[in-house]
Amino acid sequence: LILGVLLGSSGLAILPGEITNAIDPLIVVGASWIAFTAAIDWVEDFRNSQATAVVREGLTTMLGFAGFAAALFLVGTCILEEEAKASAYLAAVAAWIGLASPPSRRRLRQWPLVKLGAWRAGGFAVVFAGIVAHQFISTDFQFASGELVLLWAVVLIASVILGATLGGLQRIELGSSLQWSPFVGSSLLLAGVSARSGLSPILALMAFGGAFACTQRELVSVRAQVVETTPAVLAPFLVLIGLKVDLRLNLREAGVVVLLAAGIQGFGFLRHIFRVRVGRKAGVQAQGSDRLRDSNTMARESVYASGGLELSALAVLPCTPFHEWSPLLLLVAALNCVLDDAANYVGRFSNDRENFDSDKARVHS
Amino acid sequence: MKHSTLTRGRFLLLLVGLLGSGFAVELTDLLQVSLSAETWTTVVSLGLLLLGGSLLAGVAEWIKLPHLSAYLVAGILAGPHLLNWVDTASVHQLEPVNTLALALIALGGGVELRISALRANLRSLVWATIAQSSIVLIAASAVFLALQSQLAFLREMTSVQIAAVAVLWGILAVSRSPSACLAILTQTRANGPLAAFSLAFIMLSDVVVLLLLTVALAFAKAAFDPQVDFAWSSLQTLGHELLGSVAFGTTLGLGLVIYLRFFGHQLLLVILVVGFGFTDVLRYVRFEPLLAFLTAGFFIQNFSRQGEKLQRAVHEAGSLVFVAFFATAGAHLDLPLLYGMWPVACALCAGRLAATWFAGRVAARRAGDPEVLQRFGWAGMVSQAGLTLGLSLLIERAFPSFGGSMRSLVIVTVAINEIVGPIIFKVALDRAGESRDAAIAANAV
């Protein structure tokens, strides 16, 4: 991210504006890949005897967030008179950034009731709910626009069918050895088609990845191959995001969004303390399979630790209305990620970091 | 039995994927809900070409055709002249894929070249270079001269000028396609004297063609403008270019060796950075990227122990990049132009094919090559692709008055050679028993 900012128009301006505008498709490629990986992870968690916890945590987080964001949006619309919708929208997305940011997701992970597996489901659910909410806000709540909703439905169903067919063929023909070209081709195709129709490519790729993963018998092996390539996708993606970040934006608005996002993170922290206490009182011990933990390779962790999912969702916002806010939101999300990473290095001895390092060591060993 | 089931499965997926996605593409156009179509069309196009190419490859394998032909067909079908799912603007926007592919092809080609194999084939390579460069050049020029009445752009020229253009055409006929050769070898996993000889010859012939074209361009300029003498400075520039490319490639190879030795992970990312980043740097300093990457790969294979690592990474990345590269080339084919010029183009291609076959036989006999090279040594030299088109662009820039028309003719002949050449080479590898399938069948017997 920092390298991208340095190279971009906000830094040394080595790369001119035309080039940074021409890289949107590459950002979509990276974002779609991250969404696809996240969907595979979610299916794997679901399979690893965590199904109930995954569903419970996923649903509660999603509904909780959806209710919270909707309340923010509605209250914002009622209180503010001019440009009410845009301001309320900004508040809702700021809340989403706060809840979907890496620190919040790590706190979800520490909840003793669902310590393993479901933390990712929580993060996944927040991102998913955020994208769906944004999708409906972007239609100006005109649900009667049947053609558009129908088109989205067609694209989502096509994603599921293509994912399942490709997955089935992969399973019959190649077993656990992944064939890249049809796989990458389908991902790009769906990402492009969904973006053209105004549907978030992240949603389409989540559907595609979920259907693909459901058809796999040896999902761990297939996912390992997908994960191997993740750094090769994630590194250019983050640099490209850095290039798109514009530091010359209105800092007052950015400050408001950052404060709100930080407030939500604080709320998440309180929620975490409360739940830890409840969990301890109930005497529930963490449960989970070593297999799941061991399969958490560094590359996979890095997607979550660096806020890849959240950034990817924000990076594709320009394909939808309210795009005038997307540079600001991207700036806030990028700041969030960089500050969080910096804080992790400074507070290396914090519990979060210890858990994270122990996972790394376990994987490494 | 299993094979046919798999092919049926692939075919089903092909239908589902392509029809479904085509439907979706059409639907978005129909409803005009696209919010920023230009940005995403490139992504859709690349996805269509990758999916279509790789799935058609399964069908091609069933009828014993090379994958490369399937990629081309996928591109032609989806391209602007048939289904128009990939429009002309998208084809142009996909040019960065070609940059990466050419870097990868050259790097992979260099890694495949072993000094031991070159030494073993030295006599064959020297004779093949002499015979192919001279016989094909003369024969192709002669066919071109014989067809001059059919070529409108020659009508205003003097006989000396026509002869100069014919020589330029002959040199273009001498050029081959390293990418097609490497793609076929990657697909068939061929191993044997024919595979080793073809790869080594085609990679080395690139340098010969560059040299020949530079000299011929200097003479041709003098033929078209009497005030221009033969410019020795152009040879000096070529020397700079060749030596500079080799030096740059060696340095790049050394850097990659250090990386592979001490880090060695995330090679895909490294290849992406090297392919995109260094190609532009090389073009900026006016070096030849193909030669530089070839040298880098050659250096890594022959002067370090890291060749295997790089070879594996290039193969993995190549499986994806080749599909995109050739499918884009298919979409790039100008079908109306091909339709309009096919009789002349077919005659030129037939002449080149016959000359290549004859030169191959002569060279193999003079060098005392084994039977397999005498029979099939010429087969890998029929394909033409990006290199020939690049050279025709140089001619167009040097001679704007007729270069455009000549380039159109080059595009048509390259299209034919691009389709026919890989098929001939694969059949030859199969019949020589060097492809993996042929080897498995022989072992079974």
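Helices here are DSSP runs of H or I with at least four residues, strands are runs of E with at least two, and both are numbered from the N terminus.

This is a predicted model, in which local features need pLDDT of at least 70, side-chain atom pairs count only at pLDDT 80 or more, and totals for chains, interfaces and linings use all residues. Residues are numbered from 1 along each chain as its sequence is written, chains are lettered from A and ligands numbered from 1 in the order in which they are written, and side-chain values use heavy atoms, without hydrogens and water.

**Chain A**

Helix α11(A) bends by about 35 degrees at A:T229. A proline, A:P231, follows within four residues. The helix covers residues 219-244 of chain A, 26 residues in total. From first C-alpha to last it reaches 35 Å, close to the expected 38 Å. That expected span is 1.5 Å times one less than the number of residues.

A:I14 sits in the loop between α1 (2-7) and α2 (17-21) of chain A. Beyond four places in sequence, A:I14 is in contact (heavy atoms within 4.5 Å) with A:L7 and A:G8.

**Chain B**

Chain B holds 19 helices and 0 strands. Of its 445 residues, 54% count as buried. Buried means under 20% relative accessible area, exposed over 50%, and partly exposed in between, with a 1.4 Å probe and protein chains only.

The largest nonpolar core has 180 residues. Such a core is a set of buried Ala, Val, Leu, Ile, Met, Phe, Trp, Tyr and Cys residues joined through side-chain atoms within 4.5 Å. B:F144, B:F153, B:L168 and B:M406 touch the most other members. Helix α10 (residues 193-224) of chain B gives the largest share, 14 residues. Beyond four places in sequence, B:L168 is in contact with residues including B:L213, B:I395 and B:M406.

**Confidence**

The model scores ipTM 0.74 and pTM 0.75. pLDDT is the predictor's confidence in each residue, from 0 to 100. Chain B averages 80, and 87% of the residues score at least 70. Its lowest and highest helices are these:

Over residues 1-6 of chain B the pLDDT is below 50. Residues 30-36 of chain B also stay under 50.

Methods
Bend = angle between axes of the 7 residues up to and from the residue.
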